[in-house]
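The sequence and the model are shown here, and the text follows them part by part.

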Amino acid sequence: MIIDDADRVPAVRQLRLVVEAEDYDAAVAFFRDALGLPEQAAFSGADDAQVVILDAGRATLEIADPAQKRMIDEVEVGRQVAPKLRVAFEVDDSRAATRRLVSAGATEIAPPTVTPWQSLNARLDAPAGLQITLFEQLRGAGPGDPAGAGEREE
């Protein structure tokens, strides 16, 4: 089937996750300074309004049905803990990143655990009310595998 240019849906250029943080400074220090997300821009406005845009690398949107979400929780944590939204970050060293982020204020939910999809995943409660997964690709796991098909990049 040939799609005429006039019928094409515009491509998404960027995924931006906007998070409201009651303790803005603590959240910025955690995600920018401890996790290491580079600052792209920062803006301030009336009434002391502040926003910082951090570069988190390549973004994907992982959509899981309830059964898959439960399975991921069981593998990573051993029980159901995740809210409807969880943010996952690929890191080079899950163990070191977990230690660094716990010392920066995160609460460890589950330590780095080898998953069936050959990644090393840790689960943390982070500032701004976010639950995060840190994942490290282990040798033999292919990059770019779809997360919904076993959450390989996590």
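## Ser119 in strand 5

Ser119 belongs to strand 5, residues 119–126; strands here are DSSP runs (E, at least two residues) and helices are DSSP runs (H or I, at least four), both numbered from the N terminus. Ser119 counts as buried because its relative accessibility is 0%. The cut-offs are under 20% relative accessible area for buried and over 50% for exposed, with partly exposed in between (1.4 Å probe, protein chains only).

The side chain of Ser119 makes a polar contact of 2.7 Å with the side chain of Asn121. Such a contact is a pair of N or O atoms within 3.5 Å; within protein, one must be able to donate a hydrogen and the other to accept it, and residues adjacent in sequence count only if both atoms are side-chain atoms.

The model is predicted: local features need pLDDT of at least 70 and side-chain atom pairs count only at pLDDT 80 or more, while totals for chains, interfaces and linings use all residues. Residues are numbered from 1 along each chain as its sequence is written, and side-chain values use heavy atoms, with hydrogens and water left out.

## Thr133 and strand 6

Thr133 sits in strand 6, residues 130–137, and is buried at a relative accessible area of 0%. Its side chain has polar contacts of 3.2 Å with the side chain of Glu76 and of 3.2 Å with that of Arg123.

Strand 6 runs parallel to strand 3, joined by four bridges; two strands pair if DSSP finds at least two bridges between them. Val87 has Ile132 of strand 6 as its bridge partner.

## The two faces of strand 3

In a regular strand, side chains alternate between the two faces of the sheet. In strand 3 (residues 87–90), Val87 and Phe89 form the covered face, and Ala88 and Glu90 the uncovered one.

## The nonpolar core

A nonpolar core is a set of buried Ala, Val, Leu, Ile, Met, Phe, Trp, Tyr and Cys residues joined through side-chain atoms within 4.5 Å. The largest has 16 residues, and Phe30, Phe89 and Ile132 are among those with the most contacts inside it. At least two residues of this core come from each of helix 1 (24–34), strand 3, helix 3 (94–103), strand 5 and strand 6.

Beyond its neighbours within four places in sequence, Phe30 is in contact (heavy atoms within 4.5 Å) with residues including Leu35, Leu101, Pro127 and Ile132.

Five bridges link strand 1 to strand 2 (residues 50–54) in an antiparallel arrangement, and Ala42 stands opposite Val52. Five residues lie between the strands of this hairpin, where Asp47 takes a positive phi near 60°.
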